[in-house]
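Trainee: I have a chain to go through before the afternoon. Can we walk through some of the packing?
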Amino acid sequence: MTDRVVVLLDMDCFYVQVEERDNPHIKGVPAAVVQYNSWKGGGIIAVNYEARAFGVKRGMRGDEARGKCPDLQLVQVPVNRGKADLTKYRDAGKEVIKVLCEFSDCVERASIDEAYIELTQTVEDRIKKKNGTHIATDMLKSSWVVGYDKTKDGDQQGVREKGVHEWLNSVFENGEDAALPLDSNHPQWDNVRLAYAALICEDMRAAVLAQTGFKCSAGITHNKMLSKLACGLHKPNQQTVLPQDEVSQLWDGLPVGKVRHLGGKLGDSLTEEMGCNTMGDLAKLSLQQLIGRYDNKTA
C-alpha cells in the first residue's frame, strides 16, 4: 500500500488565473469565467476565491452571480465556430506540465488543470543526495499534515506550523530513532518518504509559480485516490500530506459519495441499504458482507 509516493497537483481556479495573466486588471478582485451563450450573463465555469467569499459558485449564471457580487468581473471563454474554445487554457496547462516534468519522468495529465506526479524515485534520490538529512519545519512553508491539522477560525498558520513540527518530530526524532540512518530500515520509512515528497512538492509548486505565474495546491500520499482527496483539504495555494496511518481518521469524517465511483446509485445503496454514511462505516464491512449484496466486481 505504501510502495509508491504520488502527488496530485491541482491548479487553483485555473481558468481565472489564465485570464488574470492576460488581463492583470482583474487580479485580486472578484472574477469568474463564463462560457457558451450570453443568456443571463453566461454559465460560470470558474470562480476565484475573492468571488467565492460573496457566495458566487460554479454553475450559476452571470446575472445571478452579480446579484450577490455587483463588482464581479465576468470574462468570456473564447468562441470558435459557435463552440467554447479552450485552447488557451490547454496551452497554459501544458506550460505547467513542462515544469512538472523537471521533477519526475512519470507525470500523468488528469485534466486541463490537474496532474498526477509519481515521486517515488525522485524522493529516494533526494534522500541519498541529502545523506539522510532531517527536514526542518520551516522548510515546509505551505504544508499541512492530516491528523495534525485540527483548526477552528483563528490562527490557522500557527496551527499548521505546530502540526507540521509535531509530525516531523514523530518521524525523525522519535526517541532513539533520531540516530538511525534514513533508509528502508527506518521504522518511520514511509513517513520519511512522504516528508521528502512534501519538500520536493514545495519546490515544484514554487517552480510552477516562477515559470508560469500560476498558483496551485497539492495532495501527497501513496496513491492517486488518496492524493486527490488530500489535495482538496487545504486550499488555495497549500499542500496536504496524508500519512497512511492517518487514513482511518480521514475516513471517519468523509462521506461515501466524496470518493470516486462511490457516488450515484452505488453510493445511495451503500448509505440506504448498508448503513454506510462515511468511508469509516464502509471500512468496517467485510468483503463477504459486500459480496452478499453486490456482484464480485463491485464488492
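Mentor: Start with contact, which means heavy atoms within 4.5 Å. Helices (H or I, at least four residues) and strands (E, at least two) are DSSP runs, numbered from the N terminus. This is a predicted model, in which local features need pLDDT of at least 70, side-chain atom pairs count only at pLDDT 80 or more, and totals for chains, interfaces and linings use all residues. Residues are numbered from 1 along each chain as its sequence is written, and side-chain values use heavy atoms, with hydrogens and water left out.

Trainee: Which residues in helix 5 meet helix 7?
Mentor: From helix 5 they are Thr-120, Thr-122, Val-123, Glu-124, Arg-126 and Ile-127. Their partners in helix 7 are Trp-189, Val-192, Arg-193, Tyr-196, Ala-197, Leu-199, Ile-200 and Asp-203.

Trainee: What's the split by class?
Mentor: The contact of helix 5 with helix 7 has 8 nonpolar, 2 polar and 4 charged residues. Here Ala, Val, Leu, Ile, Met, Phe, Trp, Tyr, Cys and Pro count as nonpolar, Asp, Glu, Lys and Arg as charged, and the others, Gly among them, as polar.

Trainee: And at what angle do the axes of helix 5 and helix 7 cross?
Mentor: At roughly 95°, and the axes come within 9 Å. Axes are lines fitted to C-alpha atoms, for helices over the stretch in contact, with angles from 0 to 180 degrees between N-to-C directions. That makes helix 5 roughly perpendicular to helix 7, a label for 65 to 115 degrees (under 35 is roughly parallel, over 145 roughly antiparallel, the rest oblique).

Trainee: Which residues of helix 5 are buried?
Mentor: In helix 5, residues 120–129, they are Thr-120, Val-123, Arg-126 and Ile-127. Buried means under 20% relative accessible area, exposed over 50%, partly exposed in between (1.4 Å probe, protein chains only). Seen down the axis, the buried residues of helix 5 fall within an arc of 135°, so they line one face; the arc is that of the directions from the helix axis to the C-beta atoms.

Trainee: What's on the other side of helix 5?
Mentor: Gln-121, Lys-128 and Lys-129, which are exposed there. The cover over the buried residues includes strand 8 (114–118) as well as helix 7 (189–212).

Trainee: Different topic. Thr-212: buried or exposed?
Mentor: Buried, with a relative accessible area of 5%. Thr-212 is in helix 7, and its contacts, leaving aside neighbours within four places in sequence, are Arg-21, Glu-95, Val-96 and Val-99.
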